[in-house]
Amino acid sequence: MRLDVIVPTYNRSALLERTLASFAAATPPEQLDWCVTVVDNRSADDTRQVIEAWVARHPERFRYVYE
């Protein structure tokens with residue numbers, strides 16, 4: 001089973017950090033393959049740096065899209 005989560009965001013880097021940490025700390029069932037894609041709607045804060053740090057640590061779990 002696969003779970004794909006899409007998180008749209010705009011200038012909410014502090015909340016985004018907490019959101020991604022919550023996903024990373026979760027203990028899903030072993031048969032569940034999951035991925036979180038953050039869609040950055042042209043944020044002017046440090047949203048890009050926050051998600052890129054998560055992608056660097058867990059590239060199989062987190063993805064970044066800028067639009």
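Predicted model: local features only at pLDDT ≥ 70, side-chain atom pairs only at ≥ 80, totals over all residues.
1. Start in a loop. Asn-11 sits in the loop between β1 and α1. Asn-11 has a positive phi of about 55°, although it is not a glycine. Its relative accessible area is 26%. That falls between the 20% limit for buried and the 50% limit for exposed, so Asn-11 counts as partly exposed.

2. Now look at another loop. Arg-42 lies between β2 and α2. Its phi is also positive, near 65°, and Arg-42 is a residue other than glycine. Is Arg-42 buried or exposed? Its relative accessibility is 56%, so Arg-42 counts as exposed.

3. Next, the sheet. Three strands form an open sheet, in the order β1-β2-β3. The pairing is parallel. Which strands stand at the edges? They are β1 and β3. Each has a single partner strand, so one side of each is left without a neighbour in the sheet. On average, neighbouring strands are turned by 20° against each other, direction ignored.

4. β1 and β2 run parallel and are joined by eight bridges. Val-7 has Val-38 of β2 as its bridge partner. Pro-8 stands opposite Val-39 in β2. Now consider how enclosed β2 is. Seven of its eight residues are buried, so the strand is largely enclosed by the rest of the structure.

5. The helices come next. α1 lies across β1, β2 and β3. It runs at about 170° to β2. α2 packs on the sheet too, touching β1, β2 and β3. The direction of α2 makes about 150° with that of β3.

6. How do the two helices meet? α1 and α2 pack at an angle of about 15°, and their axes are 9 Å apart. Angles under 35 degrees count as roughly parallel, so α1 is roughly parallel to α2. The crossing of α1 past α2 is right-handed. On the α1 side, the contact is made by Ser-13, Leu-16, Glu-17, Leu-20, Ala-21 and Ala-24. On the α2 side, Thr-47, Val-50, Ile-51 and Trp-54 take part.

7. Which residues make up the largest nonpolar core? There are 12 in all: Val-5, Val-7, Leu-16, Leu-20, Trp-34, Val-36, Val-38, Val-50, Ile-51, Trp-54, Phe-62 and Tyr-64. At least two residues of this core come from each of β1 (2-9), α1 (13-25), β2 (33-40), α2 (47-57) and β3 (62-66).

8. Ile-51 is then in contact with Leu-20, Val-38, Phe-62, Arg-63 and Tyr-64.

9. Thr-47 deserves a look. It is placed in helix α2. Its relative accessible area is 0%, so Thr-47 is buried. Which residues does Thr-47 touch, not counting those up to four places away in sequence? They are Thr-9, Asn-11, Arg-12, Ser-13, Leu-16 and Asp-40.

10. Move on to Thr-9, in strand β1. It is at 6% relative accessibility and counts as buried. Leave aside neighbours within four places in sequence. Thr-9 is then in contact with Leu-16, Val-38, Val-39, Asp-40, Asn-41, Ser-43 and Thr-47.

11. Finish with Asp-40, in strand β2. Is Asp-40 buried or exposed? At 2% relative accessibility, it counts as buried. Beyond its neighbours within four places in sequence, Asp-40 is in contact with Thr-9, Thr-47, Arg-48, Tyr-64, Val-65, Tyr-66 and Glu-67. One distance to check in the viewer: the C-alpha atoms of Asp-40 and Arg-18 are separated by 16 Å. Along the chain, these two residues are 22 residues apart.

Terms used. Residues numbered from 1 in each chain as written. Heavy atoms only, no water. Core = buried A, V, L, I, M, F, W, Y, C linked by side-chain atoms within 4.5 Å. Buried < 20%, exposed > 50% of the residue type's maximum accessible area, 1.4 Å probe, protein only. Helix = DSSP H or I, 4+ residues; strand = E, 2+ residues; numbered from the N terminus. Contact = heavy atoms within 4.5 Å. Pairing = 2+ DSSP bridges. Axes fitted to C-alpha atoms, helices over the stretch in contact; angles between N-to-C directions. Parallel < 35°, antiparallel > 145°, perpendicular 65-115°, else oblique. Left-handed = near helix turned anticlockwise from the far one by under 90°.
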